[in-house]
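This note is intended for a colleague who is examining the model alongside the text. Please read the points below with the structure open.

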Amino acid sequence: MSSGPIWRFLCCTLLLLTCSAFSLAQNTEPKAPPVLDVHVHAMDGTFPGVAPMCPNTSKFTASDPKDKEAPFGWVKEECSPALYPSAPGEYVKDVLAEMERLNVTAVVFGDPKSVEKWRAAAPARIIPGTSFSNGMAPGQRVALDELRKDFTSGGFKVMGEIGLQYEGISPSDPSVDAYFALAEELDIPVAVHMGTGGSGRANVMMPKFRGSMGNPLLFEELLARHPKLRLQVMHAGYPMIEEMLTLLQANSHVYVDVAGLIWSYPIKEVNRYIERLVDAGFEDRVMFGTDQLLWPKLMAYSISIIQNADYLTPQQKRDILYNNAARFLRINPAQGK
Ligand SMILES: [Zn+2]
């Protein structure tokens with residue numbers, strides 16, 4: 001397998017947890033109202049060593065550098081049901097079947113070839129996204145002209161997932177400005193990984209990752225240079241809520257997605273973070289996303305967290321699950337009512 005998918009795997013909050021305390025109701029209506037998932041990866045299910053995953057782990061454990069350290073820091077717990085990976089060769093088919101059952105349309109990110117496979121399999125449910133990072137090595141970039149073609153004639157609609165934080169680089173760094181300028185020129189929204197990551201072991205697994213490069217306020221210079229840029233702050237800048245709210249206050253073209261954080265942190269904390277965004281007045285800029293990587297049932301599980309949120313009104317749930325993303329992506333919002 002190429003380094004691209006591995007890099008994208010690391011770029012997400014992920015991890016192969018073995019536990020959880022929550023079993024939430026799954027969405028099983030025969031014709032569910034439409035959902036937009038703005039954060040899916042064009043994985044093919046072949047990532048090695050995948051274990052059943054327990055979402056919303058309750059805590060991070062300490063470790064000692066003199067011992068052999070696990071690649072992630074979540075505590076190992078029991079959970080029922082755990083989320084299982086697909087049988088070999090079945091992953092894409094399984095996820096697309098879930099999307100059909102749950103009435104989900106998704107922005108799928110990856111290298112153009114991988115995304116094309118998904119689009120060919122389900123053209124009506126896939127919104128293609130690709131980015132300028134090329135493989136796992138920091139600084140590897142797709143040529144600007146090649147990316148321009150992806151968006152002008154290749155049918156790609158969103159520039160992402162941009163994972164500069166994993167390289168220890170700010171989104172306002174001049175070395176990547178030409179890509180953001182291209183997005184502004186072509187009126188293509190950008191989706192940037194921000195905040196989450198490390199999974200409790202960034203110091204062990206990702207030496208270039210910097211928590212400080214996940215500060216949402218690092219977008220300020222970029223947005224000042226590109227005032228028409230439409231920005232999706234992935235993972236809602238978790239856990240930097242004050243900085244996230246400051247950016248949302250100052251920049252009305254900025255939206256957030258709750259992907260990854262919705263299932264990979266303690267459930268009370270997840271709900272508190274989403275509630276804070278909504279209570280601060282940004283209920284029309286919070287978008288649903290999963291960070292779908294390896295477990296087909298993750299989508300239903302993540303939708304259920306929004307559906308079961310007692311602090312959200314029915315309208316706010318619909319807005320987060322569909323209407324906000326439809327506005328951001330300029331899809332007909334009437335479909336979500
Ligand atoms: Zn990410």
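1. Basis of the note. The model is predicted, so that local features need pLDDT of at least 70 and side-chain atom pairs count only at pLDDT 80 or more, whereas totals for chains, interfaces and linings use all residues. Residues are numbered from 1 along each chain as its sequence is written, and side-chain values use heavy atoms, with hydrogens and water left out.

2. Overall make-up. The protein chain has twelve helices and eight strands; helices (H or I, at least four residues) and strands (E, at least two) are DSSP runs, numbered from the N terminus. Of its 337 residues, 58% count as buried. Buried means under 20% relative accessible area, exposed over 50%, and partly exposed in between, with a 1.4 Å probe and protein chains only. Among contacts (heavy atoms within 4.5 Å) with a separation of 6 or more, 78% come from residues 24 or more positions apart.

3. Salt bridges in general. The structure holds 14 salt bridges, each being a side-chain nitrogen of Lys or Arg within 4 Å of a carboxyl oxygen of Asp or Glu. The pairs treated below are a selection.

4. The network at Lys93. Salt bridges link Glu90, Lys93 and Asp94 in a network. Within it, the side chains of aspartate 94 and lysine 93 meet at 4.0 Å, N to O. Aspartate 94 counts as partly exposed because its relative accessibility is 24%, while lysine 93, at 51%, counts as exposed.

5. Glutamate 98 and arginine 101 form a salt bridge of 2.8 Å, N to O. Both residues belong to helix H2 (residues 91-102), where they are three residues apart, about one turn of the helix. Glutamate 98 is buried, at 6% relative accessibility, and arginine 101 is partly exposed, with a relative accessible area of 28%.

6. A pair between loops. Which residue forms a salt bridge with glutamate 167? The partner is arginine 141, with the closest N and O atoms 2.9 Å apart. This pair links distant parts of the chain, 26 residues apart: glutamate 167 is in the loop between strand S4 (158-162) and helix H5 (177-186), and arginine 141 is in the loop between strand S3 (126-130) and helix H4 (144-152). Glutamate 167 counts as buried because its relative accessibility is 9%; arginine 141, at 21%, counts as partly exposed.

7. Packing of H4 and H5. The axes of H4 and H5 come within 11 Å and cross at roughly 25 degrees. Axes here are lines fitted to C-alpha atoms, for helices over the stretch in contact, and angles run from 0 to 180 degrees between N-to-C directions. In H4, Leu144, Leu147, Arg148, Phe151 and Thr152 meet Ala178, Tyr179, Leu182, Glu185 and Leu186 of H5. The residues of this contact divide into seven nonpolar, one polar and two charged, where Ala, Val, Leu, Ile, Met, Phe, Trp, Tyr, Cys and Pro count as nonpolar, Asp, Glu, Lys and Arg as charged, and the others, Gly among them, as polar.

8. Glutamate 146. Helix H4 also holds glutamate 146, which is partly exposed at 45% relative accessibility. The C-alpha atoms of glutamate 146 and phenylalanine 132, 14 residues apart along the chain, are separated by 9.3 Å.
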